[in-house]
Amino acid sequence: MAENPSKRVKEFWAELPRADEDFLGSIRNWKNVQIALEEETIWLKGFTDEQAVSAEIQQLPDFLLYELREGLLFRKDALVPSKKVRTALLWTPIDKALRLIFPPSNQNFFGIDEKVKVKLVPSEEEQPATALLCSIDEIKEAVIALPKFKLEKTDWIVMNDKALFLGKPLLSLPGKTFWMKDHHLLPAGFDFEFKNMSALLQRKYNAGQDQWLVWNEDGSVLPIDKTDFRKLSVSSFRLTEKSKEWI
């Protein structure tokens, strides 16, 4: 009995120029995909049917997708093969083979020496808020009126005309909230575009874990030494108000 083509499991291969390696960061977490390198070409295989038609694939420049049939590579809906399957390739899982490369950028204007292009995207996962950034002028009366036991559970630092509070539970004050990921403070409702970015950035810029990296939605970041935080009290807050010597 002849094989029913509709029941045949499709095997997808792909190729793209090695010069475009950086663009593969968008699919680096597809652990089922394998990668092999030639002198000027990157080969990939192992895509699922869903991955083969995904937006991530369609956005890759100079990316050629093939279907493997009897040792030949066919472009989509083609009746004639484009080339023979490559042999003697050394295959490696894509998440282990690729180094995530950070291209130059001028987005990070808060003092990290090497510029890193980082993109934050809205996240559907709800995370508990652990930090709060407030305008001092808007909260000065409310802070002074808070009971002592609430202040004692909070650390804080002054940044220009704003105050950043850390603590659980957070003070009930108007401001912008952040959640904690590793030693990053990310805006509530946002996460890194690539899930593995968090650990990579920590190893590169905060290996001693002695800083908080405070992020804005536009990908800019402010590193803050953890030792610069102090316990919140009415007296310390009033002293800051009186001196106007912002840290």
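**Close-up 1. Lys231 and its salt bridge to Asp155.** Lys231 is exposed, with a relative accessible area of 53%. The model shown here is predicted. Lys231 forms a salt bridge with Asp155. The closest N and O atoms of this pair are 3.3 Å apart. The bridge links distant parts of the chain: Asp155 lies in strand S10, Lys231 in strand S17, and 76 residues separate them. Asp155 has a relative accessibility of 26%, so it counts as partly exposed. S10 and S17 (residues 230–231) run antiparallel and are joined by two bridges.

Close-up 2. S10 covers residues 154–159. Five of its six residues are buried, so the strand is largely enclosed by the rest of the structure. Six bridges join S10 to strand S11 (residues 162–167). The two strands run antiparallel. Val158 has Ala163 in S11 as its bridge partner. The hairpin of S10 and S11 has two residues between the strands. In this hairpin, Asn160 takes a positive phi near 55°.

Close-up 3. S12 spans residues 176–181. It is joined to strand S9 (residues 129–135) by four bridges, and the two run antiparallel. Ala129 stands opposite Trp179 in S12. S12 also pairs with strand S13 (residues 184–187), over four bridges and in the antiparallel sense. Here Lys181 has His184 in S13 as its bridge partner. Two residues lie between the strands in the hairpin of S12 and S13. Asp182, in this hairpin, takes a positive phi near 55°.

**Close-up 4. The salt bridge of Lys176 and Glu217.** The closest N and O atoms of Lys176 and Glu217 are 2.9 Å apart, and the two residues form a salt bridge. This pair, too, links distant parts of the chain. Lys176 is in strand S12. Glu217 is in the loop between strand S15 (211–215) and strand S16 (221–225). The two residues are 41 residues apart. Lys176 counts as partly exposed, at 26% relative accessibility. Glu217 counts as partly exposed at 33%.

**Close-up 5. Helix H6 and its buried face.** H6 covers residues 197–205. Which of its residues are buried? They are Met197, Ser198, Leu201, Gln202 and Tyr205. Seen down the helix axis, these buried residues fall within an arc of 130°, so they line one face of H6. An α-helix has 3.6 residues a turn, so residues three or four places apart point the same way. The buried residues of H6 pack against S12, S13, strand S14 (190–192) and S15.

**Close-up 6. The open sheet of seven strands.** The strands run in the order S6-S5-S4-S1-S3-S2-S7, with antiparallel pairing. Which strands form the edges? They are strand S6 (83–84) and strand S7 (92–93), each of which pairs on one side only. S7 pairs with strand S2 (residues 34–37) over two bridges, in the antiparallel sense. Ile35 has Thr92 in S7 as its bridge partner.

**Close-up 7. The largest nonpolar core.** This core has 17 residues. The members that touch the most other members are Leu24, Ile27, Leu44, Phe47, Phe63 and Leu65. Strand S1 (12–17) and strand S3 (41–47) each supply at least two residues of the core. What does Phe47 touch, leaving out residues up to four places away in sequence? Its contacts are Phe12, Ala14, Ile27, Trp30, Asn32, Val33, Ala52, Ile57, Phe63 and Leu65.

**Close-up 8. The salt bridge of Glu67 and Arg69.** A search of the whole structure finds six salt bridges, and this view shows one of them. The side chains of Glu67 and Arg69 meet at 3.6 Å, N to O. Is Glu67 buried or exposed? Glu67 is buried, because its relative accessible area is 10% and the limit for buried is under 20%. Arg69 counts as partly exposed, at 24% relative accessibility.

Terms used:
Residues numbered from 1 in each chain as written. Predicted model: local features only at pLDDT ≥ 70, side-chain atom pairs only at ≥ 80, totals over all residues. Heavy atoms only, no water. Pairing = 2+ DSSP bridges. Core = buried A, V, L, I, M, F, W, Y, C linked by side-chain atoms within 4.5 Å. Buried < 20%, exposed > 50% of the residue type's maximum accessible area, 1.4 Å probe, protein only. Contact = heavy atoms within 4.5 Å. Salt bridge = Lys/Arg side-chain N within 4 Å of Asp/Glu carboxyl O. Arc of directions from axis to C-beta.
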